Amino acid sequence: MSNVYVRIVSYMLFGAALGLSVTGLATFDPATGDFDMLPFNVYSAGAAIAALLGPLAIFKRWGTK
């Protein structure tokens, strides 16, 4: 694997960790790289994802032929 791909993957992982930290679902220390995921309710997470993807599915007409 090229160094470019390793760098892109690491930026994506650190970005996801930072995003979870900002939303309050995790704690992330960029100086040490320490990442701790906090407990959350899977049902409410699924409902939030469905609420975000619902309007997109209607707009994109997913599920139609």
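**Aromatic pairs.** I started with the rings and found 2 aromatic pairs in the structure. I looked up one of them: phenylalanine 14 and phenylalanine 28 sit 5.8 Å centre to centre, with 45 degrees between the planes, and the pair is tilted. I note that this is a predicted model.

Where do the two partners sit? I traced phenylalanine 14 to helix 1 (residues 3-23) and phenylalanine 28 to strand 1 (residues 26-29). They are 14 residues apart, and the pair links distant parts of the chain.

**Cover on the two rings.** Is phenylalanine 28 buried or exposed? I have phenylalanine 28 down as buried, because its relative accessibility is 14% and the cut-off for buried is under 20%. Phenylalanine 14 comes out as partly exposed, at a relative accessible area of 46%.

**Surface patch.** Phe35 turned up again in my next search, in a nonpolar patch on the surface. I list its members as Leu25, Phe35, Met37, Phe40 and Val42, and together they have about 450 Å² of accessible area.

I followed up on valine 42, which is found in helix 2 (residues 42-60). Valine 42 counts as exposed because its relative accessible area is 58% and the cut-off is over 50%.

**Valine 4.** I looked at another valine, valine 4, which lies in helix 1. Its relative accessibility is 46%, so I put valine 4 down as partly exposed. How far apart are the C-alpha atoms of valine 4 and methionine 37? I get 28 Å for that separation, with the two residues 33 apart along the chain.

Note on methods:
Residues numbered from 1 in each chain as written. Predicted model: local features only at pLDDT ≥ 70, side-chain atom pairs only at ≥ 80, totals over all residues. Heavy atoms only, no water. Phe/Tyr/Trp six-rings, centres within 6.5 Å; stacked < 30°, edge-to-face > 60°. Helix = DSSP H or I, 4+ residues; strand = E, 2+ residues; numbered from the N terminus. Buried < 20%, exposed > 50% of the residue type's maximum accessible area, 1.4 Å probe, protein only. Patch = residues over 30% accessible without salt bridge, like charges linked within 9 Å, V, L, I, M, F, W, Y side chains within 5 Å. Areas by Shrake-Rupley, 256 points an atom, 1.4 Å probe, with all protein chains shown as cover. Salt bridge = Lys/Arg side-chain N within 4 Å of Asp/Glu carboxyl O.
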